[in-house]
There are 2 protein chains.
Amino acid sequence: LPEVLPQAGSGMCPQTRKKLSKRNIKLILEFEGTDFHGWQIQKDARTVQGVVTDALRLGLKQDDLHIIGCSRTDAGVHAERYCANFHTDTKFSLETIKGIANTRLPDDVKAVDAEETDNDFHARHSAKGKQYRYRINTSKEYRPLLRRFSWHVPYDLNCEVMQQTGHCLEGEHDFTAFSGALEPGKSPVRTIESVTVSRDNDEITIEVTGRSFLYKMVRIITGTLADVGRGSISADDVKKILDSKDKSNIRVAAPAHGLTLVEVKY
Amino acid sequence: LPEVLPQAGSGMCPQTRKKLSKRNIKLILEFEGTDFHGWQIQKDARTVQGVVTDALRLGLKQDDLHIIGCSRTDAGVHAERYCANFHTDTKFSLETIKGIANTRLPDDVKAVDAEETDNDFHARHSAKGKQYRYRINTSKEYRPLLRRFSWHVPYDLNCEVMQQTGHCLEGEHDFTAFSGALEPGKSPVRTIESVTVSRDNDEITIEVTGRSFLYKMVRIITGTLADVGRGSISADDVKKILDSKDKSNIRVAAPAHGLTLVEVKY
């Protein structure tokens with residue numbers, strides 16, 4: 001199902017060539033990614049976009065309803081305030097729309113907020129920044145109560161060196177060596193606003209903010225920082241990897257379940 | 001499967017009349033209760049005792065291995081440091097025993113510690129105290145990321161009044177009006193050491209400590225305190241309910257998934 005990309009101000013949907021609906025609703029979703037194959041609709045797989053589309057189409061009796069997401073999150077990634085939008089002519093209040101959605105949504109994804117927004121607002125194109133949080137649990141033993149939301153790395157990671165290395169990644173860089181498959185024609189240059197590494201007992205939290213990210217970029221950054229924390233590679237090695245712009249230097253991507261999309265800024 | 005209750009110092013198992021094994025191993029388990037039908041072994045239901053027994057019997061090649069738990073937790077209740085013990089003649093080190101168990105245990109229950117203990121140590125009978133934590137999430141909207149570990153009560157609960165009421169339950173009382181089904185011949189008198197109610201933004205945490213508790217007692221205390229927090233009943237009403245010793249006055253039991261057994265003291 002290709003994504004509908006209405007052009008700003010045109011009032012037309014470029015795919016269907018139909019006039020856009022009167023209202024554009026911004027929906028903030030929280031979801032636990034464990035049992036979803038990511039955001040984007042797929043045939044024969046349970047996705048967030050899939051279940052939210054079904055809930056809204058059914059609840060608002062609008063068969064052509066199309067929901068636009070702020071990003072394609074990978075399978076297993078969680079979100080605290082994922083932003084989506086959809087065009088509709090419904091006369092229901094925002095509170096009612098949220099209620100209609102939540103009545104039909106399963107427990108692992110719910111709308112936590114709904115707002116009226118400009119007709120040309122687009123959850124992905126209008127995004128000015130995203131904040132991700134990655135949790136690593138360094139306890140010696142595997143912790144069943146933490147397993148859904150953090151990556152178990154049973155080593156004494158050096159948080160200070162991880163933080164220093166994180167700072168090297170801030171700013172504008174070609175992140176080819178920190179990216180999964182690149183879409184053809186898409187620039188590998190991205191700007192990271194900040195990388196913050198903090199520790200609370202056995203838990204290390206990595207927060208990364210930036211305008212947009214390449215596929216798997218935050219998870220590869222995290223995997224690389226964990227390698228630095230263990231002492232397998234040095235901060236200098238990371239600089240060399242970044243400068244190489246060479247995919248063959250990519251370190252391991254940290255698993256999806258430790259990652260949470262915290263917020264999207266517009 | 002009836003529980004084996006070896007008498008202190010007898011060195012005999014009262015059930016099998018066999019000499020107890022040379023070693024008595026204390027195992028600390030962490031588990032997420034979501035997919036377990038509680039601790040106690042049941043036919044045709046997945047229980048913590050069931051999966052831990054299977055893992056140890058298989059791993060230690062000891063078909064008569066019987067694991068004793070510190071309490072029968074209800075279906076859905078979690079544990080951070082659940083204590084269990086079992087008798088064995090294995091010569092493996094504690095670290096190896098833990099590893100053997102963890103290799104065979106599923107991700108939602110793992111051994112986080114193993115200790116050598118006296119032959120007459122009994123995880124339930126020797127317990128001197130238990131600490132439980134109950135989490136309530138008072139945010140207006142349902143929160144998918146919190147749903148496995150907290151009870152959603154979308155009201156502005158008065159934490160101070162809940163704390164005052166909690167103090168009324170401290171000390172020795174007949175808790176008939178705060179208990180699920182009582183076992184015949186079992187005293188309904190229990191001593192609560194402390195009830196602490198605290199708030200962190202939308203999250204209210206109730207911690208209850210005491211030597212032992214009646215069936216569903218912590219969950220009924222929590223349900224009652226939530227009613228007090230909402231203003232449905234007063235602290236005085238709770239005192240009257242306690243004094244009534246009458247089961248017909250029982251308020252609702254808070255759901256199991258908000259409850260965690262934090263620690264057992266010996």
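Is K216(B) buried, exposed or partly exposed? Keep that in mind as you start the tour, and remember that the model in your viewer is a predicted one.

**Stop 1: K216 in both chains**

Select K216(B) to begin. K216(B) turns out to be partly exposed, because its relative accessible area of 30% falls between the 20% and 50% cut-offs. You will find K216(B) in the loop that runs from β9 (203–210) to α4 (217–230) of chain B. Now look at its backbone: phi of K216(B) is near 65°, a positive value, and the residue is not a glycine. As a rule, most residues other than glycine have a negative phi.

Next, jump to chain A and select K216(A). There, too, phi is near 65°, which is positive for a residue other than glycine. K216(A) sits in the loop between β9 (203–210) and α4 (217–230) of chain A. Its relative accessible area is 30%, so K216(A) is partly exposed.

**Stop 2: the interface of chain B and chain A**

Color the two chains separately and show the residues in contact. On chain B, 26 residues touch 26 residues of chain A. Together the chains bury about 2000 Å², with 51% of that area on carbon and sulfur atoms. The interface has 14 residue pairs in polar contact.

Which elements of chain B give two or more residues to the side that touches chain A? Highlight β1 (23–31), β3 (78–88), α2 (94–104) and β4 (109–117) of chain B, and you have them. Of these, β4(B) gives the most, with 4 residues. Coloring this side of chain B by residue class shows 10 nonpolar, 2 polar and 14 charged residues.

**Stop 3: salt bridges between the chains**

Side chains of opposite charge can pair when their charged atoms come close. Over all chains the count is 39 salt bridges, and between chain B and chain A it is 10.

Select E30(A) and R143(B), whose side chains form a salt bridge with an N to O distance of 2.5 Å. E30(A) lies in strand β1 of chain A and R143(B) in the loop between β5 (129–137) and β6 (151–152) of chain B, so this pair joins two chains. Display accessibility on both partners: E30(A) is buried at 2% relative accessibility, whereas R143(B) is partly exposed at 22%.

Now select E30(B) and R143(A). In this salt bridge the closest N and O atoms are 2.4 Å apart. The pair crosses from strand β1 of chain B to the loop between β5 (129–137) and β6 (151–152) of chain A. E30(B) is buried, with a relative accessible area of 2%, while R143(A) is partly exposed at 23%.

**Stop 4**

Finish with R147(A) and E32(B). What joins R147(A) to E32(B)? A salt bridge does, with the closest N and O atoms 2.8 Å apart. R147(A) lies in the loop between β5 and β6 of chain A, and E32(B) in the loop between β1 and α1 (48–60) of chain B, so here again the pair joins two chains. R147(A) is buried, with a relative accessible area of 16%, and E32(B) is buried at 1%.

Terms used
Residues numbered from 1 in each chain as written. Chains lettered and ligands numbered in written order. Predicted model: local features only at pLDDT ≥ 70, side-chain atom pairs only at ≥ 80, totals over all residues. Heavy atoms only, no water. Buried < 20%, exposed > 50% of the residue type's maximum accessible area, 1.4 Å probe, protein only. Contact = heavy atoms within 4.5 Å. Buried area = accessible area lost by both parts, 1.4 Å probe. Salt bridge = Lys/Arg side-chain N within 4 Å of Asp/Glu carboxyl O. Polar contact = N/O pair within 3.5 Å; in protein donor to acceptor, adjacent residues only side chain to side chain. Nonpolar A, V, L, I, M, F, W, Y, C, P; charged D, E, K, R; others polar.
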